[in-house]
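Good morning. I have one structure to show today, and I will keep it short. Please look at the sequence and the model on the screen.

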Amino acid sequence: MSITITGQDTLQKFIFDNAAVRGELIDISATWREVLSRHEYPVAVKKLLGQMTAAAALLSANLKFNGSIIMQIHGDGPVRLLVVECDAELRLRATAKLNPDLAIADDANLTTLLNPHGNGRFIITLDPLDKMPGQQPYQGVVPLDGDDVATVIENYMLRSEQLDTKLWLAADDNVSRGLLLQKLPHHGGKAEATPVSEEDALETWNRAVMLGSTLKEQELLDTGIEVLMQRLFWEETIRVFDPQHPQFHCSCTREKVGNMLKMLGREEVESVIAELGHVGVNCDFCGQHYEYDKVDCAQLFVSNDPVEALLPAGEVKH
């Protein structure tokens, strides 16, 4: 077992030989710092959103379609919304919406921040890039079941995907890392060079989870994933794959913002124009500012051309 880690953010997949158990270790610290460079969040929010960002990349790495996974937690407390999006190329963006009237303690947990009244919801959306005619994104919505991000996702995966999943996540204002283990459906060993019984496969799964459970949050924050791999699984027969390299990327464009304005409707947009003389929109993820004057908005509702053809993305009219 050997892995090579570069200075880039890295997601490392591995499997336990002759057992239906797969794993991933991820370090997205550079990506996470890029997210935080665009936002000022309280300590507790950084911890939760950073953990969600690592988790989204870990789950996205196993998707079998060209598209994005969008992970959301809708809350009824000091935090109204956490959102992370990761596409098939492991390009990530994340944001949070807070209740400005409520204070957030540094040690606040997920329940305190997002589910104090029991109305919080966890949502995963799978959005294919090339949709078939009439195809809609798949969306799973469940109540918040757990006191931390890892437990909420584990319960979702077991309930909605029937996959035993264990997650260990850690994030602060500088680091975001995670470990995922999944017990895959056992097929009696027909696909393996050396057949493995269901009992042996279960024993390997239990042993892998036991080893993962020795990992403490501070250790995950302080230790690179190549060292963690050796430290946790040095006695196991593990096969590793070529590493992947997540990165920050925001998919906002002037076209998408224009289409959003179209969805609001002509009457709503014209009322803003009448009041302010322009419509300004900031991307919640990256902070990019898009502005439309009266002429721009009129074109939105009379032209069938893509909005980007009306005014290049990134150009702002004042």
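I will go through some strands and then a pair of helices.

A word on the source before that: this is a predicted model.

Start with strand β4, residues 79-87. How many of the nine residues of β4 are buried? Eight are, so the strand is largely enclosed by the rest of the structure. Buried here means under 20% relative accessible area.

Next, the partners of β4. Strand β3, residues 67-74, pairs with β4 in the antiparallel sense, over seven bridges. To find your place in that pairing, look for I69, which stands opposite C86 of β4. The link from β3 to β4 is a hairpin of four residues.

Strand β5, residues 91-98, also pairs with β4. These two strands run antiparallel, and seven bridges join them.

Now the helices. Helix α2 covers residues 43-60, and helix α4 covers residues 149-160. Their axes come within 10 Å and cross at roughly 35°. On the α2 side, the contact is made by L48, Q51, M52, A55 and L59. On the α4 side, V149, I153 and M157 make the contact. What kinds of residue are these? Seven are nonpolar, one is polar and none is charged.

That is the end of my part.

Terms used
Residues are numbered from 1 along each chain as its sequence is written. This is a predicted model: local features need pLDDT of at least 70, side-chain atom pairs count only at pLDDT 80 or more; totals for chains, interfaces and linings use all residues. Side-chain values use heavy atoms; hydrogens and water are left out. Buried means under 20% relative accessible area, exposed over 50%, partly exposed in between (1.4 Å probe, protein chains only). Two strands pair if DSSP finds at least two bridges between them. Axes are lines fitted to C-alpha atoms, for helices over the stretch in contact, and angles run from 0 to 180 degrees between N-to-C directions. Contact means heavy atoms within 4.5 Å. Ala, Val, Leu, Ile, Met, Phe, Trp, Tyr, Cys and Pro count as nonpolar, Asp, Glu, Lys and Arg as charged, and the others, Gly among them, as polar.
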